[in-house]
Amino acid sequence: MGRSTTSKDAQALFHSLHSAYASTPTNLKIIDLYVMFAVVTAVIQVVYMAIVGSFPFNSFLSGVLSCVGTAVLAVCLRIQVNKENKEFKDLPPERAFADFVLCNLVLHLVIMNFLG
Amino acid sequence: MAAPETPQSSTLRQAFGNVLSVFILLLIGILAFSIRLFSVIKYESVIHEFDPYFNYRVTQFLTKNGIYDFWNWFDDRTWYPLGRVIGGTVYPGLTLTAGTLWRILNSLNIPLSVETVCVFTAPIFSAFASWAAYLLTKEVKGVGAGLTAAALLAMVPSYISRSVAGSYDNEAVAIFALIFTFYLYIKALNTGSLFYATLNAISYFYMVCSWGGYTFIINLIPMHVLLCIVTGRYSSRLYIAYAPLVVLGTLLASLVPVVGFNAVMTSEHFASFLVFIIIHVVALVYYIKGILSPQMFKVAVTLVVSIGLIVCGAVLAVLIAMVASSPTKGWSGRSLSLLDPTYASKYIPIIASVSEHQPPTWPSYFMDINVLAFLVPAGIVACFLPLSDASSFAVLYIVTSVYFSGVMVRLMLVLAPAACIMSGIALSEAFGVFTRSIKFQLPGVSQNSPVNAGDTGNVMQNDVVKTEKSEDSLKERPSRKNKKKEKDNVERASVVPQTEKRLSVLPLEASVIAIFLLVLLGAFYVVHCVWAAAEAYSAPSIVLTSRSHDGLHVFDDFREAYGWLRHNTEVDDKVASWWDYGYQTTAMANRTVIVDNNTWNNTHIATVGTAMSSPEKAAWEIFNSLDVKYVLVVFGGLVGYPSDDINKFLWMVRIGGGVFPHIKEPDYLRDGQYRIDSQATPTMLNSLMYKLSYYRFVETDGKGFDRVRNTEIGKKYFKLTHFEEVFTTHHWMVRIYKLKPPKNRIRGKTKKAKSKASSKRSGTLKKNPWH
Amino acid sequence: MAGRKFPTVLLLILNLLSFLPFLTISFSPDHPTDRRILVLLDDLALKSSHSIFFTSLQSRGFDLDFKLADDPSIAVKRYGQYLYDGLILFSPSTDRFGGSLDLEGVLDFVDSGHDLILAAETSASDLIRSVAAECGVDFDEDPSAMVIDHTGYAVSQIEGDHTLIAADDFVQSDVILGSTKIEAPVLFKGTGHSLNPDNSLVLKILSASSSAYSANPASKLSNPPLLTGSAISLVSVVQARNNARIIISGSLDLFSNRLFRSGVQKAGSSYKYEKSGNEQFVTELSKWVFHERGHLKAVNLKHNMVGGTDEPSMYRINDDLEFSVEIYEWTGSSWVPYVANDVQVQFYMMSPYVLKTLSTNEKGLYHTSFKVPDVYGVFQFKVEYQRLGYTGLSLSKQIPVRPFRHNEYERFITTAFPYYGASFSMMAGFFIFSIVYLYNK
């Protein structure tokens, strides 16, 4: 009985999640896609590291952290440009995006430095 | 600080206030700079203490050879014969800062010597630090508190002690970096701007470059984040302030050679990763909560929590396994001694031997932060009044730094800015309350005008104060800041109902008296700070002075000795001394040393400690095996210089005994007492340190009276067989001995032996130690 | 320009001046054989009774200066410069030297690298004994004791007290005693001495036989003699750490014409040698002591990277390097290549990390090559060569070894390519995302 309610709840949950998500604007969806891409890449690298060992540790670190960093920054951007988020009403999305670009530049510069 | 009020007057006043606060900040900067110049004025423009000499030497190398050579610098003049990879073991922030400063000045055709730049780096950065404190406090509690805090920080004795001109040490720039990083964090937290988060990471990078104390930041900020989450204050601004900092900060920290993979491998940093994971989970929860209906959310919670717990458990298990697999649980000795104050004295004598790693005494709190100690609790209360993210951070900062400073004297330095910020808040709040009380009780003023009246009154007060002597700068500051505070209040007043304001009104007389007392308190603080800066903390310790009835005595023995070494010994000669003097010897005498103040190799230091506590012959053998040519000891017995080698000797014994068990501390103590008089143990009297310190000492006054220990020495007449005295400075503070070469011939039986023991002659010759 | 030139000239003159004293000293590293020798005698009669020995020295080019031991004009040193390169003390009974010379003076003479022949005798003075003792040789404390050997004595016409002994227990060293074997025993009459076995600098050249003992021949033996058997040394040499050489003999007669000339028949042996071994023994020994033999020098200590020629100021870990040194031996008139197969070099930092035997090209050049160990620090090339009879060679040269520079590590490791790929794809992703995002808006 409990099991069936949970599964039903889960179904309902997924349904409502899906419907709620469907209503998000496209630009947010693009960001989500981007985040997913980064996270998946990071996971692949961790698995690879588990297989071949952690020898070029700096490369591994920069590889994974570049993905995590990208994801985190994208999430930050998503938070800022989200219209429903009332905290950032006075922050124009253009400004948010400029900050995002700056942040990414720093990130990738560091990654390039650390990779070799 | 935009508070729309009555349009015209408010904008005017705002502009005026801005200009005034900039002007005040400028004054604070000048104050912070100039209060640290006592050492230059009273002594001369020299580098102080021990570590700064190393930094100075590194900076010279940097300016001469450029950054890449510096990065790859393998120094063969220290830690002979191991050498030291300077580039990979030094925090480069300070050196790079001074080097860049020097380069900029030179390209502007201002030809200053590297030494001058080094000497003045610390005062310059303390000015920056007080500005950073202004910014931070402004974020926490507004402009008035900021100005007060900046003024307080500009002359807090604890910070002065580390940043007088010539004290060219990491802390000098690190405190600025620390405060500025905190400011940027708070700023990012308050605005939720990615831009500030990036700046924050870069500032954190600078801090990592500068000082090992960066671990304080990387632990304090996660603690604050965690606190916010637990108390339900999570916001997406928190996420933006924190998550990029962790990723970028970790990456940047790994770029600093001395930190390297430690940034991800040691336990000091794990807290940040754990909180990083937590904040993601929390962010996800909040996001889902945002897009779902409350009812569905409940369902989701049950699901997510059950799954999340499993995931969290797994992650935790992995983390714990990683931590437990390393021998010290991944913590470095210094961090461990922070968490467990008794750790160092139990296991690592080398950390415990440094006086600045000892717990402070109560008087040192009063000496170093003075009246701030009483204002801090008030500041904490003020922070709770409207508790914001920023003020909760300030509270957390002060609480942790109080704990750390209680463990190590050195970390008093971390406490000082926190105390200044808190006191700044407390003072400005207090002034705010009192002036408001006065304002509301001024007769014949309408509801609206008191603000203006009070304001003009304050301005007038300012003018009065301005005419006072400039050294009473604090008096000016609080009163000026009143005006700021006023505005601040006004700012808040738009939110707080007027009636509430009325409730907090105090009697007029009480307010006036309280203000007067506060000003007095501030004046007292200023007097104390100036005294501390002028008298207590300006001595360069390389040049000593003493005052006696017949005037001022200058003891310049150290430079005399190093100068002697520089001019009278071969370039490749090795000089052994206790590690305290290693940096100075390499920097000032340019000779190779066996150990120095960068105590990275315990065994090597223990070897030197063993040699110092061994009898002459064994010591000679140890030193000879290290190719040592000269042995340098510091001896204060003639002039009463207390921090000499005899007083440090027990640490040498302890450190030596920690590695070489044949050195036993009880052998050097008579009934548990350390003494060098006739009651001293034979082991003590025969140790090399005793002999080198007191050799020929009896010739000075005929009795051999040691003015540090206040006793007559135990063994007065003795000869050295394996060492010869080559140089003793004017006041006997530094004595340099040379190792005698092995004897050219091996002697047979001496005549004495022959005449004494002609009847029972052993087939062998008299045992000669020289073999 | 002129102002610059002047100090240069001055410097040059100063340099010349400072070289001047060196030119006047004949004992120099380049020419180690002694030239001027001071001979101190008890009695000028010794000059004729030991003339063969002195003549042989003079004929080899030595400049002998005979003085009575108590001559008040004796001076070995003037203005800090030694006037002599060698000292022969044939004055066993002197209690104090004349002039400025004393015990300290003799020892300083030795410690500044000069050579000494010391001959004692029965009832030698305390002064002579102290000189010997300072060099590590202990004469029998009984001043009247002589070495007596009832089985190894030299047969002579009159049956004596067996104090003239025929010793043939030489040290086996071609360097000290020459390459020709000394066939005839050496006649010895005098006091014996003992050495500390731990003393590595002294060496027994001629030992008594196992039946010898040291006692006063005139008195009856009351308790067992303290010095017996082959522990008694008759003639010893010392090579001090600064390579000063000393001969200490318990017999002055050893050098005398009488014993040089006399035939020798060892008791118990029927063969009678026409001539004792004394002359050969003493001559060869004097050649050694005055550095006509057994003096080595090492020059041109060099090291460089394999393939390079210059001497770097610092090596990197795991570098391959070549090391070479030239060793020559002095023959009394010229330097000739020294040939041996046991010269070793250490690459040393607190303990030898590399120990290699050097191979020689028979022309004096010794060389080897090895890989620098994977440890950084300040290393030393050390050549320690101590062989019996030869002067010791002890060379060291300091060289730091540094770790890899930051750009000397391996780059572009194959296993790391996925990481590189990920990083670059992130960058590419960032660009694409930016474009898409901006375009979408």
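Trainee: How many salt bridges are there between chain C and chain B?
Mentor: There is one salt bridge between chain C and chain B. The term means a side-chain nitrogen of Lys or Arg within 4 Å of a carboxyl oxygen of Asp or Glu.

Trainee: Which residues form it with B:Asp69?
Mentor: C:Arg405 is the partner of B:Asp69. Their closest N and O atoms are 3.6 Å apart.

Trainee: Why does that pair join two chains?
Mentor: C:Arg405 sits in the loop between E28 and helix H9 (417-440) of chain C, and B:Asp69 sits in helix H3 (residues 51-71) of chain B, so the pair joins two chains. Helices (H or I, at least four residues) and strands (E, at least two) are DSSP runs, numbered from the N terminus.

Trainee: Is this an experimental or a predicted model?
Mentor: This is a predicted model: local features need pLDDT of at least 70, side-chain atom pairs count only at pLDDT 80 or more, and totals for chains, interfaces and linings use all residues. Residues are numbered from 1 along each chain as its sequence is written, chains are lettered from A and ligands numbered from 1 in the order in which they are written, and side-chain values use heavy atoms, with hydrogens and water left out.

Trainee: What ipTM does the predictor give the complex?
Mentor: The ipTM is 0.89, and the pTM is 0.81.

Trainee: Back to chain C and chain B. How many residues does the contact take from each?
Mentor: Chain C gives 38 residues and chain B gives 31. Contact means heavy atoms within 4.5 Å.

Trainee: What area is buried there?
Mentor: About 3300 Å² is buried between chain C and chain B, with 52% from carbon and sulfur atoms. Buried area is the accessible area (1.4 Å probe) that two parts lose on being put together, summed over both.

Trainee: Which residues of chain C lose the most area to chain B?
Mentor: C:Glu141, C:Arg241 and C:His406 do, together making 20% of what that side buries.

Trainee: How many residue pairs are in polar contact across it?
Mentor: The rule finds four residue pairs, both residues at pLDDT 80 or more. A polar contact is a pair of N or O atoms within 3.5 Å; within protein, one must be able to donate a hydrogen and the other to accept it, and residues adjacent in sequence count only if both atoms are side-chain atoms.

Trainee: Which element gives the largest share of chain C's side?
Mentor: H5(C), with five residues. By class, that side of chain C has 16 nonpolar, 11 polar and 11 charged residues. Ala, Val, Leu, Ile, Met, Phe, Trp, Tyr, Cys and Pro count as nonpolar, Asp, Glu, Lys and Arg as charged, and the others, Gly among them, as polar.

Trainee: Now chain A. How many residues of chain B are in contact with it?
Mentor: 34 residues of chain B are in contact with 37 residues of chain A. The buried area is about 3000 Å², and carbon and sulfur atoms give 82% of that.

Trainee: Which three residues of chain B supply more of that area than any other three?
Mentor: B:Leu194, B:Leu251 and B:Phe261, with 20% of the area that chain B buries against chain A.

Trainee: Where does the largest share of chain B's side come from?
Mentor: H12(B) supplies 13 residues of the side that touches chain A. That side has 24 nonpolar, nine polar and one charged residues.

Trainee: New topic. What is the mean pLDDT of chain B?
Mentor: The mean is 81, and 83% of the residues of chain B reach 70 or more. pLDDT is the predictor's confidence in each residue, from 0 to 100.

Trainee: Where does it stay under 50 in chain B?
Mentor: Residues 445-500 of chain B are one such stretch. The model has 89 contacts for them beyond four places in sequence. Where pLDDT is low, the predicted coordinates should not be read in detail.

Trainee: Which bond joins B:Tyr80 and B:Pro81?
Mentor: A cis peptide bond, with omega about 0°. B:Pro81 lies in the loop between strand E1 (74-75) and strand E2 (84-85) of chain B.
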